[in-house]
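Here is a short note for someone opening this entry for the first time. Please read the points with the structure in view.

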Amino acid sequence: MSRLLEALARLGRLMIGGVRHAGAMALFALDLAWVLIPTWSRPRDVAQQVYAAGVLSLVIILVAGGFVGLVLGLQGYNILSTFNASESLGVMVALSLVRELGPVVAALLFAGRAGSAITAEIALMKTTEQLAALEMMAVDPMRRVIGPRFWGALISVPLLAALFSLVGVLGGYLIGVVVLGVDAASYWGQIGEQMAAWEDVGGGALKSVAFGAVIALIAVYEGYTAEPTASGMARATTQTVVLSSLGVLGLDFVMTAFMFGA
Amino acid sequence: MNVQRGIEVVVGLFVLAGIAALMVMALQWSNFGASRVNGYEITARFDNIGGLTTQSPVKLAGLTIGRVESIELDPDTFQAEVHMIIDGKYDSLPTDSFANIYTAGLLGSQYVEISPGGALESLEDGDRITMTQSAIILENIVSKFLFDKAKE
């Protein structure tokens with residue numbers, strides 16, 4: 001009996017902890033919202049963070065995009081050629097990249113490459129009491145440390161997703177047209193014909209902006225509230241990758257259901 | 001200060017590249033790799049072109065010999081006038097050739113198939129193919145089949 005109660009209590013504790021976590025993050029997001037505009041009084045700080053989060057992620061994003069495009073080209077050609085419709089390879093590769101794979105895979109890679117780095121950096125600043133020192137000097141760490149990092153991630157993710165999709169389509173072109181001999185004009189022509197600028201490209205861009213906001217918020221929150229110990233930093237970094245990956249995938253389903261469903 | 005400047009330049013490039021990628025994807029990249037065929041132009045009128053579009057291939061015996069350049073509606077006959085550019089290599093198409101619109105496979109895109117005739121003169125730049133057959137609309141065939149079946 002007491003064992004059963006204990007199990008029940010553990011479940012309840014888990015639930016309460018989750019809700020508390022979500023609530024704390026929402027309050028943190030409100031605090032952050034107040035400094036989002038004032039952060040731009042130092043645009044150089046933001047540029048520095050776009051460099052750290054975005055430019056330095058370019059290599060992994062572009063290489064991954066190229067390989068995803070190559071694989072899509074191969075698999076798509078295999079399937080489409082059984083229906084004698086390999087001319088549609090271009091539109092298949094382009095639509096799956098622009099609508100889904102570009103925003104999602106770029107966001108997942110970004111969470112692992114840059115989100116974790118943001119969390120670790122802020123958590124180390126907290127552990128070594130640099131954030132407290134800033135406050136002692138009447139410098140708001142929210143505005144000076146957290147804000148630029150949030151903006152840096154938010155700006156970088158959509159740009160990286162766009163480049164990912166573009167490189168992926170070029171990868172599909174390389175396999176489909178150059179190697180497997182699909183007609184080049186059909187490859188591009190069908191893309192131009194069937195891809196809608198607003199629904200497809202705009203929808204994909206909207207998705208990646210939302211993913212950028214999710215990753216950026218989780219990364220700075222986990223860093224800012226990390227336990228100031230070595231193991232606390234480790235846990236915060238792991239949390240960032242896990243939570244933002246799950247957040248991106250969950251949000252993707254919801255946004256896809258709204259944009260392309262029904 | 002120099003390092004900061006370098007970072008700013010690289011960030012600027014990064015932002016521009018990302019926006020350029022979005023623009024390329026949004027603004028019709030149909031003419032991206034469109035191959036310009038050097039050759040001569042012939043036209044043909046069809047009652048119904050189905051899903052034929054510009055850049056659709058023009059084939060002879062299954063080989064691509066040209067491209068559809070433009071399609072417009074003839075306001076008098078209400079037919080679609082299809083302008084095709086044929087590769088200059090293939091300059092001996094007989095004047096009484098036949099133009100069909102076919103579909104590649106069941107789900108594929110549509111293309112113009114030229115069936116050569118027997119005349120001795122060849123088609124020249126600006127000539128018209130008079131014998132054409134429209135795109136086969138699957139619904140028409142199915143409804144015709146059902147209609148015939150019902151009569152039996």
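**Notes on the model**

1. Start with confidence in chain B. Chain B has a mean pLDDT of 82, with 90% of its residues at 70 or more. The model is predicted.

2. In chain B, strand 4 (residues 80-87) has the highest mean pLDDT, 88. The lowest, 82, belongs to helix 2 (residues 138-151) of chain B. For the complex, the predictor reports an ipTM of 0.76 and a pTM of 0.79.

3. Next, the layout of chain B. Two domains are assigned: domain 1 covers 2-31 and domain 2 covers 39-136. The C-alpha centres of these two domains of chain B are 42 Å apart.

4. Now the interface. Contact between the chains involves 33 residues of chain B and 33 residues of chain A. On the chain B side, helix 1 (2-26) and strand 3 (63-73) each supply at least two residues. Helix 1 of chain B gives the most, with 14 residues. By class, the side of chain B that touches chain A has 19 nonpolar, twelve polar and two charged residues.

5. Last, a helix pair in chain A. Which way does helix 6 of chain A cross helix 8 of chain A, left-handed or right-handed? The crossing is right-handed. Helix 6 spans residues 141-179 of chain A, and helix 8 spans residues 197-224 of chain A. They pack at an angle of about 145 degrees, and their axes are 8 Å apart. The contact of helix 6 with helix 8 in chain A has 18 nonpolar residues, four polar and one charged.

Terms used. Residues are numbered from 1 along each chain as its sequence is written. Chains are lettered from A and ligands numbered from 1 in the order in which they are written. This is a predicted model: local features need pLDDT of at least 70, side-chain atom pairs count only at pLDDT 80 or more; totals for chains, interfaces and linings use all residues. Domain bounds come from an automatic or database domain assignment. Axes are lines fitted to C-alpha atoms, for helices over the stretch in contact, and angles run from 0 to 180 degrees between N-to-C directions. Helices (H or I, at least four residues) and strands (E, at least two) are DSSP runs, numbered from the N terminus. A crossing is left-handed if the near helix is turned anticlockwise from the far one by less than a right angle, and right-handed if clockwise. Ala, Val, Leu, Ile, Met, Phe, Trp, Tyr, Cys and Pro count as nonpolar, Asp, Glu, Lys and Arg as charged, and the others, Gly among them, as polar. pLDDT is the predictor's confidence in each residue, from 0 to 100. Two residues are in contact if their C-beta atoms, placed from the backbone, lie within 7 Å.
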